[in-house]
Amino acid sequence: MTFTAQIGNVTFPDIIYNSSGPRCTTPEELVALGNSESSAIMMKSCSPEPRTGNPEPRYKEVELGSINSIGLANHGYKKYIEYATDLKKQFPDKPIVASIVGFCHEDFLQLVEDFQNEPNVDVLEVNLSCPNVVGKPQIAYDFETSDELLEKIFTISGNKPIGLKLPPYFDPVHTASMAEVLKKYPISFITCINSVGNTLIIDPETEQPLIAPKWWLGWLGGDYVKPVALANVRAFYKLLGDRMRIIGCGGIKNGVDVFEHLLAGASMVQLGTVLWKEDVECFGRIQKEFYEYVENKGYTSVDEVIGNLKEL
Ligand SMILES: Cc1cc2nc3c(=O)[nH]c(=O)nc-3n(C[C@H](O)[C@H](O)[C@H](O)COP(=O)(O)O)c2cc1C
């Protein structure tokens with residue numbers, strides 16, 4: 001059993017692929033994704049100019065997940081256009097997804113426009129879970145700014161599906177407020193969730209925090225965040241599932257985790273921390289575990305699973 005998935009006019013050969021961030025920054029890493037069982041090649045969030053990011057140590061794995069403060073290190077979007085051109089030649093059947101980040105509205109607009117015109121990129125994921133102006137929260141926590149930015153983005157012409165990477169919301173009022181904004185635009189999908197921000201992990205042996213940048217606060221992924229991710233997938237599925245696809249991301253490390261994300265309402269899923277920990281072998285393993293699990297449960301199609309959480 002395997003299932004293809006569709007986002008707009010783009011067909012994905014399966015429902016599991018990588019999230020933006022881990023192992024998708026360099027051309028070598030992107031080629032490894034192309035050669036893997038990942039159903040797409042998602043590229044690292046890229047900005048108008050290259051960024052070296054934050055000082056080391058900036059990524060640490062622990063038993064329950066990972067903490068990072070990479071600082072959006074990337075080669076600049078023009079390089080990702082070049083990488084996409086080479087990747088498309090080598091992997092013509094795999095969708096290539098560009099993840100876009102900016103530090104002002106003009107940045108986002110320039111990148112959306114240029115990627116819309118780039119024939120080798122199939123799908124755009126706009127990362128709204130990133131810093132805005134100093135003193136303001138990340139864009140997706142600022143509903144007015146999100147609305148203004150989306151209004152501008154959707155005036156740019158182009159026929160590529162555009163989706164958003166969202167941070168976790170922790171209060172139903174905030175989730176509902178964001179859903180009201182998103183309803184206004186022809187968004188193809190939302191990816192829930194980006195890492196849980198502003199967290200601190202302490203090593204009791206060394207009595208030190210694990211990472212150096214930004215007062216040692218970092219972004220959390222892995223087991224720690226799965227319940228938060230599932231709650232966000234479920235809430236947005238209920239609020240927006242009839243209008244756009246929900247892509248689940250957060251805490252997936254085996255086939256059962258994929259199943260749970262689908263039950264909550266995701267129709268595809270992305271892998272982050274597990275990819276960094278295990279490398280690209282995780283795709284084949286998790287795909288196999290997932291399909292065995294659903295087959296053993298008697299399902300004949302993933303559509304029977306998506307959103308069908310048996311509510312109490
Ligand atoms: C090292 C690292 C770098 C990341 N960089 C990005 C990024 O550039 N853009 C983005 O949208 N998400 C980024 N993320 C967040 C992941 O894509 C993902 O949303 C998050 O880690 C939750 O998934 P997980 O539990 O599978 O790790 C990063 C995560 C990690 C661990």
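**View 1. Packing of helix α5 against helix α6.** The axes of helix α5 (residues 172-182) and helix α6 (residues 226-240) come within 10 Å of each other and cross at roughly 45 degrees. This makes α5 oblique to α6, since angles under 35 degrees count as roughly parallel, over 145 as roughly antiparallel, 65 to 115 as roughly perpendicular and the rest as oblique. The model is predicted; local features need pLDDT of at least 70, side-chain atom pairs count only at pLDDT 80 or more, and totals for chains, interfaces and linings use all residues. Residues are numbered from 1 along each chain as its sequence is written. Contact (C-beta atoms, placed from the backbone, within 7 Å) involves Pro 172, Thr 175, Ala 176, Ala 179 and Leu 182 of α5 with Ala 235, Phe 236, Leu 239 and Leu 240 of α6.

**View 2. The open sheet.** Eight strands (DSSP runs of E, at least two residues) form an open sheet in the order β3-β16-β15-β10-β9-β8-β7-β4, with parallel pairing; pairing requires at least two DSSP bridges between two strands. β3 (16-18) and β4 (41-42) stand at the edges with a single partner strand each, so one side of each has no neighbour in the sheet.

**View 3. Strand β10 and its partner β9.** Strand β9 (residues 162-166) pairs with β10 in the parallel sense over four bridges, and Leu 166 stands opposite Cys 192 in β10. From β10 (residues 189-192), Phe 189 and Thr 191 point one way and Ile 190 and Cys 192 the other way, and all are buried (20 or more other C-beta atoms within 10 Å of the residue's own).

**View 4. Strands β15 and β16.** Three bridges join β15 (residues 245-249) and β16 (residues 268-271) in the parallel sense. Gln 270 in β16 is the bridge partner of Cys 249.

Technical notes. Axes are lines fitted to C-alpha atoms, for helices over the stretch in contact, and angles run from 0 to 180 degrees between N-to-C directions. Two residues are in contact if their C-beta atoms, placed from the backbone, lie within 7 Å. A residue is buried if 20 or more other C-beta atoms lie within 10 Å of its own, exposed if 12 or fewer, and partly exposed in between; C-beta atoms are placed from the backbone.
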